[in-house]
Amino acid sequence: MIKATTFKGRRVAVFGLGRTGVSAALSLQAGGADVWAWDDREDARNDAKADGVSIHDLTNIDWSTVDEFVLSPGVPHSLPKPHWTALAAIAASVPIICDIEIMAREINARPVGDRPKVIAITGTNGKSTTTALIGHILKALGKDAQIGGNIGRGVLDLDRMHAGTHYVIELSSYQLERTQSLRANAAVFLNLSPDHLDRHGTMEAYGEAKQVIFNNQTSDDTVVIGVDDAYGKALTTDLKARNGRRIVPISAQRALGHGVCALGGQLVDRTGRNGRVVCDLTQAKALEGAHNAQNAAAAYSAVSSLGIEARFIGEAILSFPGLAHRMETIGSIGPVRFVNDSKATNAEAVRQALGSYENIFWIAGGVAKDGGIEPLMDLKDRIRKAYLIGEAAHDFAATLDIVSVENKVSGALKMALLCATHDALASGIKNPIVLLSPACASFDQFKNFEVRGDVFRDEVNQLIDMFASAAAKNNAPRHTGSVA
């Protein structure tokens, strides 16, 4: 745990006792703060209390006595409607922060030579894979790499910092908009596409929230930025004009005169005087698709900025085992391959999966995002049939009917998987893919995308075991005579 000693003697209210809220409360308590923690859900309060969190009913307090307010990133303070705690804090002029801001202050309070390195990653899509890949590379090279933020552990639950620590932090726009003090030694900005607009209101506001990742950087720091979309290209030009920090453009679509690109399966570094091939990405089995080529370019660039030799980074990239719930191959039954892409909660993320495979038996649905699946219909020829679940099922069926993609409203995930498996096996196609890539949030049927992906994985593994048992039984030698 990172102890929040910079808050010693201060009264800090905490709302939202999920993973990050509990770790923030415990960190603040360990650092000597007077913590008042609360959640609207009784079960969450009880679980947090059992973990040692100081529970205090925030509905009946004098907010003018509160110094700072830690609000769970998933709880809005503005759009679409401010939470009641946010309204109370704003009325009392109490600053609203998140766990990332607490961590940043702890880092900044240390002597410069004793601070850990911070590699921060954001973007609409690809940030979890890139974060996990950077962490994997650093660990493979013997570094003390701690991975957290919007992935895995809450940042204040990470191991205590020292000069040799490397914090690899995935950052959402929800976290960044409540962070003021973070300085990233390497800041990775992958891409920007429409998402979370109910929270931010406009694409401009969404982009501004993401750009907080660059705040507080100096000329000693590095920006890694994807230039395969118009926003990234414009942002690169803007950042070059702002100050002299080192900027490394990355691309998986075109060769760059300066930067790191991944084309034709080759990861190429052109940041120096002479370009060099870092590794052959076709050998990285967990990094299929152009989007993962961009993720690899981003991870390489971030780690390279720390002064680590290219060939060692390349070797580590090839040994990456992949990220759960992101184009995760679970197994096969005969020619049918099962892929768990539960983390693909918007159309742009699904595009990456649909663009990487052919002959897809696609499971999609849940709580739809703005625009639904209409932006994906240029990839309709890759879809053999769709199996639709959750709230969005009928709307998605209507979209697919317009472009003549065969589909079935399955309702539940298990039924969708059974139907998709039956149809894929019966199709006679050489390499069919049963793909869970929902293009939706999970909250209508599952707690989060991880639970949805875990259920899918469990159901697939049960099918694999069932088919394996049946095959073994059918191939077993029959007993035809008595034993003497």
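1. Buried means under 20% relative accessible area. Trp-63 has 8% relative accessibility, so Trp-63 counts as buried. This is a predicted model, and the points below should be read with that in mind.

2. Aromatic pairs. The search of the whole structure turns up four of them. One joins Phe-15 and Trp-84: the ring centres are 6.0 Å apart and the planes stand at 75 degrees, so this pair is edge-to-face. Phe-15 belongs to strand E1 (residues 11–15) and Trp-84 to helix H3 (residues 84–91), so the pair ties together parts 69 residues apart in sequence. Phe-15 is buried at 4% relative accessible area. Trp-84 counts as partly exposed, at 31%.

3. Trp-63 has an aromatic partner in Phe-69, again edge-to-face. Their centres are 5.2 Å apart, with 80 degrees between the planes. Phe-69 counts as buried, with 0% relative accessibility. Trp-63, at 8%, is buried too.

4. Charges over rings. Arg-45 places its charged end over the ring of Trp-38, 4.1 Å from the ring centre. Arg-199 does likewise with Tyr-174, where the distance to the centre is 3.9 Å.

5. Helix packing. Two packed helices are described by the angle between their axes and the distance between the axes. For helix H5 (residues 127–140) and helix H10 (residues 290–304), the angle is about 45 degrees and the axes are 9 Å apart. That makes H5 oblique to H10. The crossing is right-handed. On the H5 side, the contact is made by Thr-129, Thr-130, Leu-133, Ile-134, Ile-137 and Leu-138. H10 contributes Asn-292, Asn-295, Ala-296, Ala-298, Ala-299, Ala-302 and Val-303.

6. Gln-294 also sits in helix H10. Its relative accessible area is 8%, so Gln-294 is buried. Leaving aside residues up to four places away in sequence, Gln-294 touches Leu-190, Asn-191, Gly-226, Asp-228, Ile-250 and Ala-252.

7. Arg-384 lies in strand E18 (residues 383–389). Arg-384 is partly exposed, with a relative accessible area of 44%. Between Arg-384 and Val-405 there are 7.4 Å in space, C-alpha to C-alpha, and 21 residues in sequence. Not counting residues up to four places away in sequence, the contacts of Arg-384 are Asn-359, Ile-360, Phe-361, Glu-406 and Ile-429.

8. Backbone. Most residues other than glycine have a negative phi, and most peptide bonds are trans. The peptide bond between Leu-79 and Pro-80 is cis, with omega about -5 degrees. Pro-80 is in the loop between strand E3 (68–71) and H3.

9. Met-327 is not a glycine, yet its phi is positive, near 50 degrees. Met-327 lies in the loop between helix H11 (310–318) and strand E14 (328–333). Met-327 is buried, with a relative accessible area of 9%.

10. Asn-359 is another residue with a positive phi, about 55 degrees, although it is not a glycine. Its place is the loop between helix H12 (347–354) and strand E16 (360–365). Asn-359 is also among the residues that Arg-384 touches.

Terms used
Residues numbered from 1 in each chain as written. Predicted model: local features only at pLDDT ≥ 70, side-chain atom pairs only at ≥ 80, totals over all residues. Heavy atoms only, no water. Phe/Tyr/Trp six-rings, centres within 6.5 Å; stacked < 30°, edge-to-face > 60°. Helix = DSSP H or I, 4+ residues; strand = E, 2+ residues; numbered from the N terminus. Buried < 20%, exposed > 50% of the residue type's maximum accessible area, 1.4 Å probe, protein only. Lys NZ or Arg CZ within 6 Å of the ring centre and 35° of its normal. Axes fitted to C-alpha atoms, helices over the stretch in contact; angles between N-to-C directions. Parallel < 35°, antiparallel > 145°, perpendicular 65-115°, else oblique. Left-handed = near helix turned anticlockwise from the far one by under 90°. Contact = heavy atoms within 4.5 Å.
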